[in-house]
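Look at the two chains below. The report that follows takes each in turn and then turns to where they touch.

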Amino acid sequence: MNRALFRAMFKRQGKKTCSYALGLSLYNLLLIGVFPTLSQSSSMAKLSQNLPKLARVFRLTSDYALSRFESFAASQCFGQVWVLVMGIYTISTANELIAHYVSEGGMAYLLSSPAGRLQVFSTQAAVLISGLVLMVLLTELGIWAEAKLFALSLAKKAYLRLGVLAIALFLTVGSYSLFFSTLFNNEEYVILSAACLTFTGYAFDIFSSLDDRFSWVKHLTIFGWFRPQEVLEGDTPAWQIVSLMTLSAAFLTLACYVFERKDLCV
Amino acid sequence: MIQVKGLSKVYTKVRPKNRKAISNHIAGLKDVTFHVQQGEVFGLLGPNGAGKTTVIRHLMGFLKPDVGFARIKGLDCWEEAKEVKAFVGYLPGEMNFLKEMSGLEFLNLMAGMHGNRPVFSRRRDALAERLDLNLKQPIKKMSKGMKQKLGIINTMMLDAEVLILDEPTSGLDPLMQKVFIDLVLEEKDRGKTILISSHMFPEIERTCDRVGIIRAGELAAVEGIQKLRQEQRRTFEITLETPEQAQLICESGLKADRIGDNQVSVEIQGDINPLLKVLAQVQVKDFLQRMTELEEAFMQFYERGEEVEQSIISSHV
């Protein structure tokens, strides 16, 4: 890894990361603010009983979801908005770190240094990973601070486990996005292929929860391994984390191989 | 110092627009061979798309040659790209910087990536003063010329043994072009090996020892500047007092054509004295050289190439 490049890139990505994290924290603040009202509302409970399929889509799988803040946060934030925002953040950052600099020519400057392609790639990957860790950390810190503000008790260890699982999940998304970023010269292809893979996977996961007959579909997507509600209710997703990390390592190795051997018209 | 031998590159179009096309391959370079001695300034001349940047991309290890090799200081530019960069300063043809930074931040980043030697900041400040560039300005607010200056500072501050400059004066005003030429000549005096790609004749003429003329991916010729000047033809357009005087020049045995009543165009190969002797007998109203000497040599090589191509096409038809 090249320290000078890491500092410069992290400074640039840091602003973006903080803006995303701030947005998510405000959303969480809204959730925490409406939670006491929703948890006491009988009409919400009736809605999930009368329209179970719709409730599943919105991750309201049990009455339990509205009686504890962890379950509510898991269903309303970590199951939906957070995944989408993190997905967009990860794909756009992976594209900016490699494909954007190759297509606009700035990569010529980075590769004209004695750092070499391997070091440039590993630094850019480290920037992406650090950004993901920072995003998860800031989101969880935001929830913790807001819960303190509203005097809600949090299962801190469960949030920590969820954070590690989320980092592993988005590291996988980031590593295949980096792979596409090294594979294609055109930024549009990078974003299109990474977004298709990510959001189709997410759609598969939602589809699999609509009906028990389709539950096998969740095995086709990495999002099937991301069950925030179960983790916040006490599950330890050890094998899911190991599998996602292994997948990430494979994609990063592949991306590095492509980047080291590719002709670059910069 | 720089050695390019039998360098060939074929670009493959992934999606040929014309599906009926026989081949989806485009020749980037064909068997390019030249060398640059230590302390020499070598110019690569050619129009856009001729292959100058492709040669440079091979030297920088951005492209892998299909055939042949490019070496700097005996190191293969593709296989040992990382080691090669330790003694090469590179100015890319496209000024696409990391736009969010200021000029100073960018130069600090590049200095850091090159090992941050104390000499870098000394040279950076001296060059910024000479090129009159405010380094604190954000890159996205810089004009094309200012970005070009920043690129030149980045390349020169590294004090590298070998400088590879791709179209270095594009976007610079004439005053700054002169400053740049002075900088190159100073680096040459310090024993640096320099390769300049350009289609700007004056900078090549004033800085280079030898010139490679590249055309459609092929090196048409490699000649010394002095030799090119001496051997190549020059065309002069002369306006005379009377049509009779113009006729006198046409009948003098020089290669001359009437281009107006009292205007002639004279083509000289090598020695200019025969023309001066004839001009001593007439009254000249205007005298101008149509193109600079090097430009003229360049055009001659191009015309030759096109004639060869035409004859190949005719023989096939």
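## Basis

This is a predicted model. Local features are described where pLDDT is at least 70. Side-chain atom pairs count only at pLDDT 80 or more.

## Chain A: overall make-up

Chain A has 11 helices and 0 strands. From the N terminus on, its elements therefore read α-α-α-α-α-α-α-α-α-α-α. The chain has 266 residues, and 43% of them count as buried.

Two packed helices are described by the angle between their axes and the distance between the axes. Two pairs are described here in those terms.

The first topic is H1(A) with H7(A). Helix H7 of chain A covers residues 116–149. The axes of H1(A) and H7(A) come within 8 Å and cross at roughly 25 degrees. Angles under 35 degrees count as roughly parallel, so H1(A) and H7(A) are roughly parallel to each other. The crossing of H1(A) past H7(A) is right-handed. By class, their contact holds 17 nonpolar, 10 polar and 1 charged residues.

Next comes H8(A) with H11(A). Helix H8 of chain A spans residues 156–183, and helix H11 of chain A spans residues 238–261. Their axes lie 8 Å apart, at an angle of about 20 degrees. H8(A) and H11(A) are therefore roughly parallel to each other too. H8(A) passes H11(A) in a left-handed crossing. On the H8(A) side, the contact residues include A:Leu165, A:Leu169, A:Thr172, A:Tyr176 and A:Phe179. On the H11(A) side, they include A:Ile241, A:Leu244, A:Ser248, A:Phe251 and A:Phe259. The class count for this contact is 19 nonpolar, 5 polar and no charged residues.

## Chain B: the six-stranded sheet

In chain B, 6 strands form an open sheet in the order E6-E7-E8-E3-E9-E10. The pairing is mixed. Strand E6 (88–91) and strand E10 (218–224) of chain B are the edge strands, and each pairs on one side only. On average, neighbouring strands of this sheet are turned by 15 degrees against each other, direction ignored.

Helix H1 (residues 52–59) of chain B lies across E3, E7, E8 and E9 of chain B. Helix H1 of chain B runs at about 145 degrees to E7(B). Helix H6 (residues 174–189) of chain B packs on the sheet and touches E3, E7 and E8 of chain B. The direction of this helix H6 makes about 150 degrees with that of E8(B).

## Chain B: the four-stranded sheet

Another open sheet of chain B has 4 strands in the order E12-E13-E11-E14, with antiparallel pairing. Its edge strands are E12 (255–260) and E14 (284–289) of chain B, each pairing on one side only. Neighbouring strands are turned by 25 degrees against each other on average, direction ignored. Helix H9 (residues 243–250) of chain B packs on the sheet and touches E11, E12 and E13 of chain B. The direction of helix H9 makes about 25 degrees with that of E13(B).

How are the strands joined? A hairpin links E12(B) to E13(B) through 2 residues. These two strands run antiparallel and share 5 bridges. B:Gly260 stands opposite B:Gln263 in E13(B). E11(B) and E13(B) pair in the antiparallel sense over 7 bridges. There, B:Glu237 stands opposite B:Ser265. Strand E11 (residues 233–240) of chain B is also joined to E14(B) by 5 bridges, again antiparallel. B:Leu240 has B:Val284 in E14(B) as its bridge partner.

## Where the chains touch

The contact takes 20 residues from chain A and 21 residues from chain B. On the chain A side, helix H1 (3–39) and helix H6 (107–111) are the elements that give two or more residues. The largest share, 4 residues, comes from H1(A). By class, the chain A side divides into 11 nonpolar, 6 polar and 3 charged residues.

Conventions: Residues numbered from 1 in each chain as written. Chains lettered and ligands numbered in written order. Contact = placed C-beta atoms within 7 Å. Nonpolar A, V, L, I, M, F, W, Y, C, P; charged D, E, K, R; others polar. Pairing = 2+ DSSP bridges. Axes fitted to C-alpha atoms, helices over the stretch in contact; angles between N-to-C directions. Buried ≥ 20, exposed ≤ 12 C-beta atoms within 10 Å, placed from the backbone. Parallel < 35°, antiparallel > 145°, perpendicular 65-115°, else oblique. Left-handed = near helix turned anticlockwise from the far one by under 90°.
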